[in-house]
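Hi there,

Here is the structure I promised to pass along.

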Amino acid sequence: MEKKRAITAWIFLAITFTAVFLGGWVLGIFLTALMCFGMRELLIMMRSKNLYPSITTSYLGCLIFFFLGCVSEIQYLHLATIFLIICTFLAILRRGKSARIKDIGATLICILYGGLFPAHFLFLRNMNTGYVDFFGYDLNQALGFVILMVVSITVTDVGAYFVGCKFGKHKLWEAISPKKTIEGSLAGAFFSVIFALFVGYFIGLAFWQSFVIGLLITIFAQLGDLVESMMKRDAGAKDASDILPGHGGFLDRADSYIFTVAITYYFFYYFVVNPVY
């Protein structure tokens, strides 16, 4: 199992980094496919709790948000969100007597969790930035932002796992995720900040910018992990699915990114690229 887990992780990481470096439609298609699989897992969990969101509207939301990410048209995000909310009400309304309020809520969760939030990965990668000197090469700063985020999330997960397994004694939130510990969480936060400071230095960030984004990334990465753990626990599932050997489902691999990418995008937009201070 550990061998399968390692092989899967390296293959997935290689494909992800290739797509991230290429950017554009390659990254867009890769992430759209990834989240469509994730949407399927989310819909299955919903049905296990007697929730029946609109499948068509859920996938439509995923496709619309990721299309906007591919063409870097974030100014239409509010319009798309309003359109999809109205579509949600209409989709449930047309069920007639079988229409239920909770199915409206379930559909909106699918649209936001499986579409709006993760689509910010594309907005971040396609952000209009300059270039920085990276060991003699011109590196697109937006690519540097993505690298910083991915590295910080990775070291958060790895640091929390290994330190938690070896030294963890105090449960972080036992009712939600019994294996996570405070010691592991703090270790993940420490490594995230350290690596954010390291990467931030090479992509032209000020010390405080690297420190703050490293802290924000680890907080929302761990929050995303806890939220998915809560949904799986409520659905009575150990993993979102078994499609990735040793890792579970696509949501199990993406949970740390779902909230984090949106927070990372807006931090860099308002405090680095177009500072409001």
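Let me start with lysine 232, which is buried at a relative accessible area of 11% (buried means under 20%, exposed over 50%, partly exposed in between, with a 1.4 Å probe and protein chains only). Please keep in mind that this is a predicted model, where local features need pLDDT of at least 70, side-chain atom pairs count only at pLDDT 80 or more, and totals for chains, interfaces and linings use all residues. Residues are numbered from 1 along each chain as its sequence is written, and side-chain values use heavy atoms, leaving out hydrogens and water.

The side chain of lysine 232 forms a salt bridge with that of glutamate 228 (3.7 Å, N to O); the term means a side-chain nitrogen of Lys or Arg within 4 Å of a carboxyl oxygen of Asp or Glu. Glutamate 228 is buried too, at 1% relative accessibility.

Another one joins lysine 180 and aspartate 225 (3.5 Å, N to O). Lysine 180 belongs to strand β4 (residues 177–181) and aspartate 225 to helix α8 (residues 207–235), so this pair ties together parts 45 residues apart in sequence.

Finally, Arg95, Arg100 and Asp103 are linked in a salt-bridge network. Within it, aspartate 103 is buried at 2% relative accessibility, while arginine 100 is partly exposed at 23%.

Best wishes

Conventions: Helices (H or I, at least four residues) and strands (E, at least two) are DSSP runs, numbered from the N terminus.
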